[in-house]
Amino acid sequence: MSNSRREFLQCGAALAVGVMGGATVLAAEAQNSHPAASGTPALGTGTRGPKAEIQVPKMKFAGVEISRLVMGCNPFNGGAHFNASYGKLMQEWYTAERVCEVMHHANAYGINALNYTNKGHTPDGWARLTAEGGEMHLIAHDSSDDDPAAVVKKIKPLSLHRQGEIVDVAFRNGTMNTVREWCKRVRDTGVLTGVATHNPEVIELVEEQGWDIDYYAGCVYHRSRNDEEWKKVLHGELLEMPREIYLQSDPARMYKAIRQTPKPCFAFKILAAGRISGGGIAQAFRTAFSSIKPIDGVFVGMYPWDKDQVRENAEIVHSILAGA
């Protein structure tokens, strides 16, 4: 392997390995170049330490002050939304201990809320955090058939919303009444209830029908279109990864739906699941916060193995919102 190839991998392009190499190559490179081998996350000095000078501004939600930048959970569980190889690297790096460490680090910058899901290392990492005196308010989502009352009793979240993939399928199939009934069951538990979606038309429908819910979570990229919907958008073509197509024209449509509802909203995948990089990251944050309401926030997953994404994201959000 050439030096340039090795440097490419060490700079975080495991994505290319997933496309060009086999599982054996991936395993070897993970041992030689993946930061998990060193046992040290790429975090700054804020881990389990005092508060950083930079603090993410807060918003009121469910009667408490939470950061407008909320930690997303997908990287904790290997949900790369790119390919299976990249997701596997996330899973290997994110042990329960690292999930805990990264959340401690986020606390140092005032990030005190988590888009929680009961999957992977997230539950154990969060439990460790709270046992060690850290704080992450849970804005939970659920895709299971479990009784919402049991879920609420177990984790005591600020809120619980129906997961977006489930909602989008119900919308496509004309069975949104099942989602509405689920929300009613959450309402009976006493926590806030909401709906997540990748399709702005879902928000428009729920608003039009006047559902008794408290908030929305909206993916700014409509990545849940089915094959026929993608063919229509792509003029008959279909890409090899039809569930992971990110159109630059999509965010404006979701941001419009978010602005038009008076309910609090959380925009997610504002960085196109890591497809936006470099100088585009700050611009994506600026677009998000200029496109949503003052009572809204964003979910952003963080995978700081190559750089301190927690600090970088916190500094960007602070610079955007501190003077607002």
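How many salt bridges does the structure hold? The structure, a predicted model in which local features need pLDDT of at least 70 and side-chain atom pairs count only at pLDDT 80 or more, while totals for chains, interfaces and linings use all residues, holds 16 salt bridges, a salt bridge being a side-chain nitrogen of Lys or Arg within 4 Å of a carboxyl oxygen of Asp or Glu. Residues are numbered from 1 along each chain as its sequence is written, and side-chain values use heavy atoms, with hydrogens and water left out.

The mean pLDDT of the chain, where pLDDT is the predictor's confidence in each residue from 0 to 100, is 87, and 85% of the residues reach 70 or more. Over residues 1-33, however, the pLDDT is below 50, and the value is likewise below 50 over residues 35-40. Where pLDDT is low, the predicted coordinates should not be read in detail.

Among the salt bridges is that of K293 with D296, whose closest N and O atoms are 3.0 Å apart. With a relative accessible area of 13%, K293 is buried, and D296 is buried at 0%, where buried means under 20% relative accessible area, exposed over 50% and partly exposed in between (1.4 Å probe, protein chains only). The side chains of E65 and K60 also meet in a salt bridge, at 3.5 Å from N to O; here E65 is partly exposed at 39%, whereas K60 counts as exposed at 54% relative accessibility.

Terms used: Contact means heavy atoms within 4.5 Å.
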